[in-house]
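Welcome! Please take a moment with the sequence and the 3D view, and then try the exercises that come with them.

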Amino acid sequence: MILELKNVSFTYSRGTTYSVKALDNINLSIDEGQFIGVIGHTGSGKSTLIQHLNGLMQPTEGQVFYEGQDIWGSTDPAEQGKKKVSKKNRYDLRSLRTHVGLVFQYPENQLFETDVISDVSFGPKNQGLDETEIRRRAEEALRQTGVAEKFWKVSPFELSGGQKRRVAIAGVLAMNPKVLILDEPTAGLDPQGRDDILDQIKKLHDERGITILLVSHSMEDVANYADRIIVVNDGKIADDGTPKEVFSHYRELEKMGLAAPQTTYIVNELAERGMDVDTTATTITEAKESILKALLEKGQLRKGETFV
Amino acid sequence: MFKDVTIGQYYPADSILHKLDPRVKFLGTVIFIVSVFLVRGFAGYAFVTAVLVTLIALSKVPFRFMLKGLRAILIILCITMIFNMFLTPGEVIFQKWIFKITREGVIQAVRMGVRLAYLVIGSSIMTLTTTPNQLTDAMESLFSPLKVVHAPVHEIAMMMSIALRFIPILMEETDKIMKAQIARGADFESGGIVKRIMNMIPLLVPLFVSAFRRANDLAMAMEARCYHGGEGRTQMKPLKYSGRDIVAYILIIGFLAGCIFFRITRL
C-alpha cells in the first residue's frame, strides 16, 4: 500500500456561510503498480481528492498516509497523536510531491521557461540534483512522453497544444515520481493526440511500474486503460472496483450523471434481445470477441469468417 | 492572499441599502467621507457615529465584514495616530527624552484614527451592498455630463467593470498555477528576498501569458457581438430612481446640513 486515506473530510471556507463539504469521510487505499481510473461528474470532489494525495490540500478531518507515514503528522514517534507538530518534525511535503507527481488540468498553463528542456528541468532542479542528472532525467521524460528532439531547444510557447501538454507532463515525470496523478490529461485534445498521450501513460505504467491515477470524463478511456475504477459522487466514494464490476452498475452511474462505456450498452441491449453475449464486456475488443462467439454458437457465422 | 481586502466584495443580502440606486449610494458615500472630515467636536462625531451605526444595522451585513477592510489599513492607521500624537505642538502631558505627548496631540490622534476608520467603514458599506457592476454603472451615469468635454466616460466605466471582473478570475488562476508549480517542487515560502522574487518567475510568466490570452479572447468575443463603444448603446437594466431613492437623497442632504451645523457651532 503506497497511499492511504483514513476518514478524510474536507470543507471549503469552513465556518462561513459559503462553507461546502467537498469530501465526506473518504477511506481509500492505493497499492503500488495499480492503474486507477477516477470518475465523477463536475464538482463531485475528484479534484479536491487528488490534491489531498500529494499534500497540496490538508484535510479538515482524517489522515493521509504515504508509505505508512502520516503526512500531516509528526515524523517523531514521541510527538505522534498531537495536534500541533513542531517545525523540525514536520513531514517533508516537498519531497512527497516529487514522489507523488500531480499533473493538473490543462497543465500547459504552467509552462514558463525559455526552452522546453529547461522547463522540464524545473522539477528535478527543485529536487536539488546535479546538472548531469537533471539533464538525464529531463531527456528521459521528454522521450517517454514522445516529444521529438528537434523541439527541445524551442520555446514551449511556440509548440502546438498537444506538444505543450506532453512537455508539461514530462515536467512532472522528470521528478521520477512513484505515483503519477493526471487530472484529465486529454481534455481539449484531438482523438489522435488523446490516444497518443494515453498510450504513453500506459507504457509508463507497464515499463516503469509507476502507479497511475487517471481522472477522466471519458468512460471509454477509463475502461480501456484502468484496472481499477473509483467513482466519486458528492464527496463520497460511490463505487470502487474493476471496470467490469463498476460498469455493471451502470444504472447507478447514470443516476450520478455518469454513464458506462457505449460497449456496455450495446452488449446489454444485445443480451436483452436474446443474444448470448458477455454483458461485462467493457472494451471494444472484449465485446467483439463475445459477439463473434455468440454468433458462431448460433451458427449465424461460419468458422474463420469475421467482421471487417 | 488577498482575502483581507473588502473592496469589491459584494455581500448578498436583502436590505434597503442593497435595493437603493447605486448613484444614491455613491453620492451618499462621497458626502459621508466629506462629513467625516467636516465635523470636529464631540457632538458632531456622536452624530456621525449614530448615522453610521444606523447604516450598518440597515445594511444587514455582518459587522466583521467591514472590520476586514479596516484590518488592511491597520498599519497606516497606527502610523497616522503615532505621528499625530507625538508631533502636534501644545500642552505637554507626558515627556521622555525627545518624545513628548501633548493634549492636543492625543485629541488629534484620536480624531484622525476615527476619521480613517469611519472612512473605510463607510466606503465598505457601499461596496458590500453594491455589486461592482452597479457601481461602474453609477459612475458612468454620474460622470456622463463630462462627455460634453469629450471625456471617454463610457470607455473608462467599461474598463473598470472588466478590470473588476478579472480580479477573481486572475486570483483563481494564480492559485492554480501556484499549486501546479508547488506540485513540481517550487518553493514560494522560504529564502531571502532576492531568492523569493526569483522564485516568483514560474508563477508570474504563466500568469501574464494567461492574462494576455484572456484579454485577447475577451476582445474577440466583444467584437463578435458588435461592440463599438458607448455611442448609442443602451443598457439591459437602466438605472431608474424610485421613491425611496428620493427619500434617501433628502436624508443625505439633511445629514450634510447637520454636519455643517455641527461644524459652524463647533460642537
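Predicted model: local features only at pLDDT ≥ 70, side-chain atom pairs only at ≥ 80, totals over all residues.

**Exercise 1. Where chain A meets chain B**

Task: Work out how many residues of chain A and chain B are in contact, and which helix of chain A gives the most to its side.

Solution: 
- Step 1. Count the residues: 22 of chain A are in contact with 19 of chain B.
- Step 2. Chain A and chain B bury about 1,800 Å² between them, and carbon and sulfur atoms give 59% of that area. In chain A, the residues that lose the most area to chain B are Asn109(A), Gln110(A) and Phe112(A), together 29% of what that side buries.
- Step 3. Two salt bridges are counted between chain A and chain B. Arg94(A) forms a salt bridge with Asp187(B), where the closest N and O atoms are 3.4 Å apart.
- Step 4. The rule also finds seven residue pairs in polar contact across the interface of chain A and chain B (both at pLDDT 80 or more).
- Step 5. Turn to the helices: H2 (93-99), H3 (116-126) and H5 (161-173) of chain A each supply at least two residues of the side that touches chain B. H3(A) gives the most, with five residues.
- Step 6. By class, the side of chain A that touches chain B has 12 nonpolar, seven polar and three charged residues.

**Exercise 2. A helix and a glycine**

Task: Decide whether Gly171(A) is buried or exposed, and say why helix H1 of chain A is largely enclosed.

Solution: 
- Step 1. Gly171(A) lies in helix H5 of chain A. Gly171(A) is buried, with a relative accessible area of 0%.
- Step 2. Look at what surrounds it: leaving out residues up to four places away in sequence, Gly171(A) touches Val120(A), Gly123(A) and Arg184(B).
- Step 3. Gly171(A) and Val120(A) are 51 residues apart along the chain, yet 4.0 Å separates their C-alpha atoms.
- Step 4. Helix H1 (residues 46-53) of chain A has seven of its eight residues buried, so it is largely enclosed by the rest of the structure. Among the buried residues of H1(A) are Leu49(A), Ile50(A) and His52(A).

**Exercise 3. Positive phi values**

Task: For Glu67(A) and Cys226(B), find where each one lies.

Solution: 
- Step 1. Most residues other than glycine have a negative phi.
- Step 2. Glu67(A) has a positive phi, near 45°, and is found in the loop between strand E4 (61-66) and strand E5 (69-70) of chain A. Glu67(A) is partly exposed, at 43% relative accessible area.
- Step 3. Cys226(B) has a positive phi, near 65°. Cys226(B) sits in the loop between helix H10 (201-224) and helix H11 (243-265) of chain B, and counts as exposed at 59% relative accessibility.

**Exercise 4. The two domains of chain B**

Task: Find how much area domain 1 and domain 2 of chain B bury between them.

Solution: 
- Step 1. The domain assignment gives domain 1 of chain B as 1-130 + 238-267 and domain 2 of chain B as 132-236.
- Step 2. Domain 1 and domain 2 of chain B bury about 1,200 Å² between them, 80% of it on carbon and sulfur atoms.
- Step 3. Phe26(B), Thr130(B) and Pro238(B) supply 38% of the area that domain 1 of chain B buries against domain 2 of chain B.

Notes:
Residues numbered from 1 in each chain as written. Chains lettered and ligands numbered in written order. Heavy atoms only, no water. Contact = heavy atoms within 4.5 Å. Buried area = accessible area lost by both parts, 1.4 Å probe. Salt bridge = Lys/Arg side-chain N within 4 Å of Asp/Glu carboxyl O. Polar contact = N/O pair within 3.5 Å; in protein donor to acceptor, adjacent residues only side chain to side chain. Helix = DSSP H or I, 4+ residues; strand = E, 2+ residues; numbered from the N terminus. Nonpolar A, V, L, I, M, F, W, Y, C, P; charged D, E, K, R; others polar. Buried < 20%, exposed > 50% of the residue type's maximum accessible area, 1.4 Å probe, protein only. Domains from an automatic or database assignment.
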